[in-house]
Amino acid sequence: MTDIDLTELMERRDELVVLDVRALWEYDGSHGNDCCVRQGHIPGAIHFDVQELLTMGEVEVRERLGLPEGTEVVAYCHSGSRSQMATQALLALGFNARNYRGSWHEYATTDLPLRSEEHTSELQSHSFISY
């Protein structure tokens with residue numbers, strides 16, 4: 001089973017590593033697809049553009065992510081296509097990887113929290129907030 005749905009993703013978010021495999025401008029929320037009312041990324045997601053991922057080998061990816069072997073990784077993008085490619089590449093490299101097929105297109109329609117460049121800048125200006 002390589003797909004994960006939004007319910008399971010939210011229930012297990014503290015035990016999963018989430019990779020946003022979209023372009024940086026999609027991840028930071030500075031620009032995105034017009035079909036999404038909200039722009040940004042899932043809180044805690046690590047940006048790892050699928051184009052970069054597809055050029056790397058197992059050692060490079062492991063070094064980049066710094067994850068213990070066996071860590072479950074979930075990839076998402078805008079519509080589930082790029083994340084499916086990323087999931088297949090990660091599986092081929094020996095990672096325990098799954099695809100969030102609903103991806104940002106689904107997540108952006110919820111009232112679940114998000115992070116964006118604008119939101120992050122605002123939060124960082126308040127010294128009482130710790131990360």
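Predicted model: local features only at pLDDT ≥ 70, side-chain atom pairs only at ≥ 80, totals over all residues.
**Entry 1**

I found five of them forming an open sheet, in the order 1-5-4-2-3, with parallel pairing. At the edges I have strand 1 (3-4) and strand 3 (46-47), each of which pairs on one side only. As a reminder to myself, strands of a sheet pair through backbone hydrogen bonds, and this can be parallel or antiparallel.

Next I went to one pairing in detail. Strand 2 (residues 17-20) and strand 4 (residues 72-76) run parallel, and I count four bridges joining them. Which residue of strand 4 is the bridge partner of V17? I looked it up, and the partner is V73.

**Entry 1: a helix across the sheet**

I then followed helix 5 (residues 81-92). I see this helix lying across strand 1, strand 2, strand 4 and strand 5 (96-100). Against strand 5, helix 5 runs at about 170°.

**Entry 2: N99**

Is N99 buried or exposed? Its relative accessibility is 0%, so I put N99 down as buried, the cut-off being under 20%.

I wanted to know what the side chain of N99 meets there. With the side chain of S83 I find a polar contact at 2.5 Å. I also note that a polar atom of the N99 side chain lies 3.5 Å from the backbone oxygen of G80.

The contacts of N99 are then T2, D3, I4, A75, G80, S83, Q84 and T87.

**Entry 3: rings and arginines**

I turned to the aromatic rings and came away with a count of one aromatic pair. Where is the charged end of R64? I find it over the ring of F48, 4.1 Å from the ring's centre. R62 lies over the face of F95, and here I note 4.1 Å from the ring centre.

**Entry 4: S103**

My last stop was S103, which I find in helix 6 (residues 103-107). Its phi is near 45°, and I flag this as a positive value in a residue other than glycine. I checked accessibility here too: S103 is at 0% relative accessibility and therefore counts as buried.

Notes
Residues numbered from 1 in each chain as written. Heavy atoms only, no water. Pairing = 2+ DSSP bridges. Helix = DSSP H or I, 4+ residues; strand = E, 2+ residues; numbered from the N terminus. Contact = heavy atoms within 4.5 Å. Axes fitted to C-alpha atoms, helices over the stretch in contact; angles between N-to-C directions. Phe/Tyr/Trp six-rings, centres within 6.5 Å; stacked < 30°, edge-to-face > 60°. Lys NZ or Arg CZ within 6 Å of the ring centre and 35° of its normal. Buried < 20%, exposed > 50% of the residue type's maximum accessible area, 1.4 Å probe, protein only. Polar contact = N/O pair within 3.5 Å; in protein donor to acceptor, adjacent residues only side chain to side chain. Lists of a residue's contacts leave out its neighbours within four places in sequence.
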